[in-house]
Amino acid sequence: MAGAAQTTRIAIWDLPTRLFHWLLAGLIVFAWWSAETDHLAWHKMAGSCVAGLLVFRLWWGFFGGSTARFACFLRGPKTVLAYLSGKTDKTGIGHNPIGALSVVALLLTTLVIVVAGLFAVDTDGLESGPLSAWVDYDGGRLASKIHGYAFEALEILIGLHILAILFYTVIKRRPLVPAMIHGKALGAGDDTPLKPGGLLALLIGLVLGGATAAGLIWLSGKS
């Protein structure tokens, strides 16, 4: 019976969380490419869309599906240390304590990149972020440097994220990517399946994120 319980497939990630994950990954790659190839108008548009996604994710982290909520997957230092020491591996569905820290680090670093990019000014002052008029030239240059350094930090975090996925797929025999595609994974018999977020919460999050992206795209066209 215990073995059968361990092979039960349960819902683990809701559709909004999965779409956020893949859209953010795609936009980050596109933003990097557009910056490297000097398509700066596209770069600003990508950054504006990333900002909208982050606003949605922050909202969804409080009012979304159960496994997307910060209160569900963020653990205290005692739980993190117990997991690292191997004293417990029972963490329920969703992110384990280390995965939760990874998610927070990725979100915060991306947020720093976006906020710094809004105020960034290039060397000659010809290209600037949509909110660069709110700071002087030196402030804009500082924001530009933070923007670059934070992206380098994000590259490291993404590399670690990919290595962790490979570790769990190859060593632990727990493929994580399929679950982020179809939303289901193997769970124990006593695991509580995902509780989806409400439609109203989803609509509010979409409006907030969409308005943020549209507003920044409009401001980018004027900067």
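The tour starts with ground rules, then visits the pocket and the helix pair.

This is a predicted model, where local features need pLDDT of at least 70, side-chain atom pairs count only at pLDDT 80 or more, and totals for chains, interfaces and linings use all residues. Numbering runs from 1 along each chain as its sequence is written, and side-chain values use heavy atoms, with hydrogens and water left out.

Select A31, A35, H43, G117 and H147: of the 32 lining residues (an atom within 4 Å of a point), they are the closest to the centre of the second largest pocket. A pocket here is an open set of points on a 1 Å grid over the protein atoms alone, where a 1.4 Å probe fits, with protein on both sides within 12 Å along at least five of seven lines.

**Stop two: helices 6 and 7.** Keep just this pair on screen. Their axes (lines fitted to C-alpha atoms over the stretch in contact) are 8 Å apart, and the packing angle, on a scale from 0 to 180 degrees between N-to-C directions, is about 155°. Helix 6 and helix 7 are therefore roughly antiparallel (over 145 degrees).

For the contact (heavy atoms within 4.5 Å), pick residues including L106, I113 and G117 in helix 6, plus A143, H147 and L154 in helix 7.

Methods: Helix = DSSP H or I, 4+ residues; strand = E, 2+ residues; numbered from the N terminus. Parallel < 35°, antiparallel > 145°, perpendicular 65-115°, else oblique.
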